[in-house]
Amino acid sequence: MARKNRDEKATDKDYPPLSLHVPEPKTRPGDKPDFSHIKISPVGAVAKPELGVTAQDIKGLAFEMVRVMDEDGKPQGEWALELDEEILRKALRAMMRIRAFDKRMMRAQRQGKTSFYMQALGEEAIAVGQQLVLQKGDMNFPTYRQQGLLFAQDFPLMDMMVQIYSNEKDNLGGRQLPVLYSFKEAGHFTISGNLATQYIQAVGWAMASAIKGDNKIATGWIGDGSTAENDFHSGMVFAGVYRAPVILNLVNNQWAISSFQGIAGGEASTFASRGLGYGIPSLRVDGNDFLAVYAASQWAAERARRNLGPTFIEWVTYRASAHSTSDDPSKYRPADDWEHWPLGDPIERLKQHMILRGLWSEERHIQAEAEYEDEMRVTADKAESFGTLHDQKNKRSPAEMFENVFAEIPPHLRRQRQEMGV
Amino acid sequence: MDGASDVKMNSKTKSMSMIESIRDAHDVMMERDDNVIVFGEDAGFFGGVFRCTEGLQQKYGKHRAFDAPISESGIVGAAVGMAAYGLKPCVEIQFADYMYPAYDQIVSEAARLRHRSNGEFTCPLVVRMPVGGGIFGGQTHSQSVEALFTHVVGVKTVMPSNPYDAKGLLIAAIEDPDPVIFLEPKRIYNGPFDGHYERPVVPWSKHDKGMVPEGYYSIPLGKAAIAREGREVTILAYGTMVHVALTAAEETGIDAEVIDLRTLVPLDLEAIEASVKKTGRCVIVHEATRTSGFGAELSALVQESCFYHLEAPVLRVTGYDTPYPHAQEWDYFPGPARVGEALKKIMET
């Protein structure tokens, strides 16, 4: 039937009917986890280039994977740095506290104390490692899973929790969804909640720093799924064209809510390789290897600060938790997927390295876990004493919503506020 | 309310087209404030396809006036980041018809930074774009997009009708602490246009609003101007349509008061109210399509605030709800004949 309708002149060969390719993850619920499609380079195998390289010079690095720690936690290869004990302790503490914080806030959401929460489980090393190479005055343009940028600075947890509860102490006055923080002093740009829009803004901020002859740099953050947005392209074009002093991070945690990274184009090539077309030196890095994260971030920050331009980094990791409290991954992927993730757990791996260096022990680790759990409980209790989303102690005035729409309230908004009777 | 009263005169005047006065506003502000920068497609070395930024790169350097890739979302997105840093970007979108890729950056980002961060981050940004038809630009170089911005919370929307206002309003827009959408009616870049397309073009040098003060002055956003005083009917217009409305009043001999809104958000409702309460009749004129156009908002506001003074239903004269045609440009354009008919009709009611 179909053949009859074809233009006979155009078909001098017998072409088979066309069919559409719709990418499908290897495994679904009930299947045995399989990560054989994740290309992993041997530990220490990837060379560390000079800072002034071009994208072309190091194109292989967009397909390989920078890895530093071997199975025993021992650093290998050119990317291995002899990190100060202080940095390692800071990093482990930050990563462990994120996990404890997330656990506490998940519980709070389940108890109805807030509307929504998002964890960073399994991805903690990335934001923490990057923040530790940044300086005061630099600006991060994060997505919703980079709480590590704050934890690595020992940012007050109370300020984060009261935002999550939207209570009277919330610095955003109850305007924003939980975890869409804004902390200018900590170099944390106001998180939009729209995806990819902030990637190009990070580039613009970095361009401004260069225009003013400043020495600050910016970091942009995006997920594997959002690279499909046009603003990813805008950000890459502007960063490449103007050689903006920016680190362009792409956290490939394999999942965009329920869509696997293949739906965003991850089947055909690595995400890191996209940077090559824009002329941006691009790395693919084991995001669960803290030593690799730190070394790659430091390399990129150094390039930006020396006016050598942007660096694009794909961090390969795995979103161990649900996308958010509104998501149920057991509906679309094997329940035990993370346990089989070949790059392991970033906290376990850093712990192992520190034990190897004689800086840490299993006992200390267990103690620290208990300590942080306790800290979160005490801090959450204190935060909740100022109210929770549906149980406000001192209800905010509804008049506040009219503030900060503009610097000065215009006549039509003043009239609407009056109509409200406040 | 009248233009002259809000100008801080400090120099002699010079005859300028609207292109020249817009360029001059950039020049004045770039001279006064190092944080003011300009970029857009072809806006650097060449000075823009309409030449509004000509000479700025040569005078202020490539880092303050430069060409941008053909990426409207990139232009506005980068400008949002720059504004958050502390610069005052004044960016050009080549035609308003190309604005749509940047819309997300304007609506979800520029307009919201201040509110969502509770004042921590702000976005003092100007996005300029030529609007309107009358130049045989077809459907992709003729659109009037003002209602797409007036509906957005957190941005101000401005549309000048002459060189004098354009300069003063653009300076105010650049100085404003919040994002401003600055819409430039391209048909009147080089001269006022009364809608009689068959007649020779009149240059701004023949018009009193083409006399523009040199140096710095500003016209506050949110203040309308009375383009013509009258007693019988109020015409609310902005941009090119101010000139069409004036012509319609002259040609019909109806004593219309023409209010040039100049800023759509925030709107000078006081000026509208005062005029409509005086005349008891109101005709709204815009070039943009009718349904959900800014005229609908104006009509509702007039009805809400002046109902007991109205002697006739409010009328709208607008572009039709079709894409802007090419060959039928003058059938589409709401010229003085259509405005005149509305004036006669409302006077008969």
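Which residues of α11(A) are buried? They are M376(A), A380(A) and A383(A), where buried means that 20 or more other C-beta atoms, placed from the backbone, lie within 10 Å of the residue's own.

1. Basis. This is a predicted model, in which local features need pLDDT of at least 70 and side-chain atom pairs count only at pLDDT 80 or more, while totals for chains, interfaces and linings use all residues. Residues are numbered from 1 along each chain as its sequence is written, and chains are lettered from A and ligands numbered from 1 in the order in which they are written.

2. Helix α11 of chain A. This helix covers residues 362-384; helices are DSSP runs of H or I with at least four residues, strands are runs of E with at least two, and both are numbered from the N terminus. Its 23 residues should span 33 Å at 1.5 Å a residue, and the end C-alpha atoms are 33 Å apart, which agrees. The expected span is 1.5 Å times one less than the number of residues. The cover over its buried residues includes α2 (85-110) and α5 (157-164) of chain A.

3. Domains of chain A. Domain 1 takes in 26-389 and domain 2 takes in 398-422, with bounds from an automatic or database domain assignment. Their centres, taken over C-alpha atoms, are separated by 38 Å.

4. Contact between the chains. Chain A contributes 35 residues and chain B 37 residues, a contact being two C-beta atoms, placed from the backbone, within 7 Å. On the side of chain A that touches chain B, α6 (197-211), α7 (230-242) and α12 (411-420) each give two or more residues. α6(A) gives the most, with eleven residues. That side of chain A divides into 17 nonpolar, 15 polar and three charged residues. Ala, Val, Leu, Ile, Met, Phe, Trp, Tyr, Cys and Pro count as nonpolar, Asp, Glu, Lys and Arg as charged, and the others, Gly among them, as polar.

5. Chain B overall. Twelve helices and 14 strands make up its secondary structure. The C-alpha trace spans about 60 × 45 × 45 Å along its principal axes. Of the 349 residues in chain B, 61% are buried. Among contacts in chain B with a separation of 6 or more, 78% join residues 24 or more positions apart.

6. Core. The largest nonpolar core has 224 residues; such a core is a set of buried Ala, Val, Leu, Ile, Met, Phe, Trp, Tyr and Cys residues joined through C-beta atoms within 7 Å. V246(A), A245(B) and V283(B) have the most contacts inside it. Leaving out residues up to four places away in sequence, A245(B) touches I235(B), A237(B), V258(B), V285(B) and V339(B).

Key:
Buried ≥ 20, exposed ≤ 12 C-beta atoms within 10 Å, placed from the backbone.
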